[in-house]
Amino acid sequence: MAAQGVLGSRFSLARAAERYGIVVVVLVMMIFLSIMQPEYFLSVQNLTNVLKQIAMNSLLAIGMFLVILTAGIDLSVGSILALAMMAVAMADVAGWPWPIVLLIGPAVGIVVGAINGFGLTLLRLPHPFIMTLGTLNAVRGLTNLISDGRPISGLSEPVRFLGSAQIPIPALGPFGAIPVSAFVLLVCYGGVALFLRKISVGRHIYAVGGNPQAARVSGISVDRVLLLVYVLSGFFAGLSALLLAGRTDSGFPNAGIGAELDAIAAVIIGGASFFGGRGTVLGVFSGVLIMGLLRNGLNLMNVSSFWQQLLIGIIIILAVYVDVLRRRAAVRTEELTHARPKHRLLRRMRDLGSRSTTT
């Protein structure tokens with residue numbers, strides 16, 4: 001019994017470390033950067049800038065997270081962002097009503113996400129890498145065609161409000177203003193967390209990623225789940241385009257180049273598994289924060305952007321390697337769990353055999 005208690009406490013500690021370890025990493029990074037740059041890092045202006053800077057990657061990452069939960073990948077989110085951003089800018093400068101302008105970005109993302117989902121499920125392509133790689137190039141080409149490769153600036157106040165405005169909150173004291181984009185992130189991440197926990201379709205996403213064959217046998221429509229996650233990924237990419245357009249007061253066709261890699265990196269650093277079926281919303285946001293804080297701290301310390309790329313690349317490799325080790329450990333644990341009843345049965349049979357011979 002004592003041994004079982006020790007094992008149980010070790011297991012609970014391991015579970016806690018797996019769930020909240022990434023949050024501890026964020027806190028340690030903040031403490032380290034505040035010591036290295038005490039005058040700048042904890043300033044209201046710098047922390048506000050960090051929140052604004054991570055807005056785009058945060059939304060791309062939460063959409064990518066839903067796709068990766070199904071053991072998939074969406075390489076097209078950067079191109080979707082560019083197309084949605086140019087569509088918003090073109091409609092805005094053309095004088096369209098601002099409510100319609102605000103809906104255009106997410107609508108473009110939903111359409112392209114549906115194309116990815118239908119292409120994957122109807123064409124039965126061997127892996128979403130192929131489908132989304134094709135839309136990455138096709139959508140980027142379409143963006144350059146409709147814009148003639150030229151940026152558009154001078155957007156209206158409602159668009160700029162979402163991307164760059166701040167809401168004063170006197171109760172927060174010196175941190176008395178929160179970017180509107182931070183509220184958008186809070187709503188999106190809170191909504192996705194509730195969706196995955198409380199709604200049956202959200203739980204189906206984990207089931208499909210964990211074992212699609214078992215999910216199909218249990219009555220889950222795997223194709224519908226895949227279509228849903230790619231639509232949601234496109235939606236969040238379109239919403240991200242709206243925030244970026246407001247923050248930069250423009251639309252430019254080369255926006256989002258390489259953004260899909262940052263989104264994937266944030267999800268993997270946040271503890272989600274490339275093999276699907278595992279990960280948390282809190283972990284994804286922590287992964288986004290780690291990348292944002294790392295870049296912000298290195299910029300404050302005047303570290304070259306080339307070194308930043310190198311460090312982030314190393315972190316991604318380490319995060320994937322940790323995921324592989326974690327998966328191997330889970331497989332060993334499962335094998336041992338299944339092996340114990342067999343060992344007990346063999347021992348019982350031996351005991352019965354020894355008793356019969358002695359009698």
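**The cavity and helix α10**

Mentor: Start here: α10 gives the largest cavity the largest share of its lining, 4 residues. Keep in mind that this is a predicted model, where local features need pLDDT of at least 70, side-chain atom pairs count only at pLDDT 80 or more, and totals for chains, interfaces and linings use all residues. Residues are numbered from 1 along each chain as its sequence is written, and side-chain values use heavy atoms, with hydrogens and water left out.

Trainee: What volume does the largest cavity have?

Mentor: On a 1 Å grid over the protein atoms alone, a cavity is a set of points where a 1.4 Å probe fits but cannot get out; lining residues have an atom within 4 Å of a point. Searching the whole structure turns up 1 cavity of 30 Å³ or more. The lining includes Lys-52, Ser-240 and Arg-247. Its volume is about 50 Å³.

Trainee: Is α10 mostly covered or uncovered?

Mentor: Buried means under 20% relative accessible area (1.4 Å probe, protein chains only). By that rule, 19 of the 27 residues of α10 are buried, making it mostly covered.

Trainee: How far apart are the end C-alpha atoms of α10?

Mentor: Helices here are DSSP runs (H or I, at least four residues), numbered from the N terminus. The expected span is 1.5 Å times one less than the number of residues. For the 27 residues of α10 that should give 39 Å, and the end C-alpha atoms agree, at 39 Å.

Key
Helices (H or I, at least four residues) and strands (E, at least two) are DSSP runs, numbered from the N terminus. Buried means under 20% relative accessible area, exposed over 50%, partly exposed in between (1.4 Å probe, protein chains only). On a 1 Å grid over the protein atoms alone, a cavity is a set of points where a 1.4 Å probe fits but cannot get out, and a pocket is an open set with protein on both sides within 12 Å along at least five of seven lines; lining residues have an atom within 4 Å of a point. Grid points are joined across faces, edges and corners, and a volume is the space filled by probe spheres set on the points.
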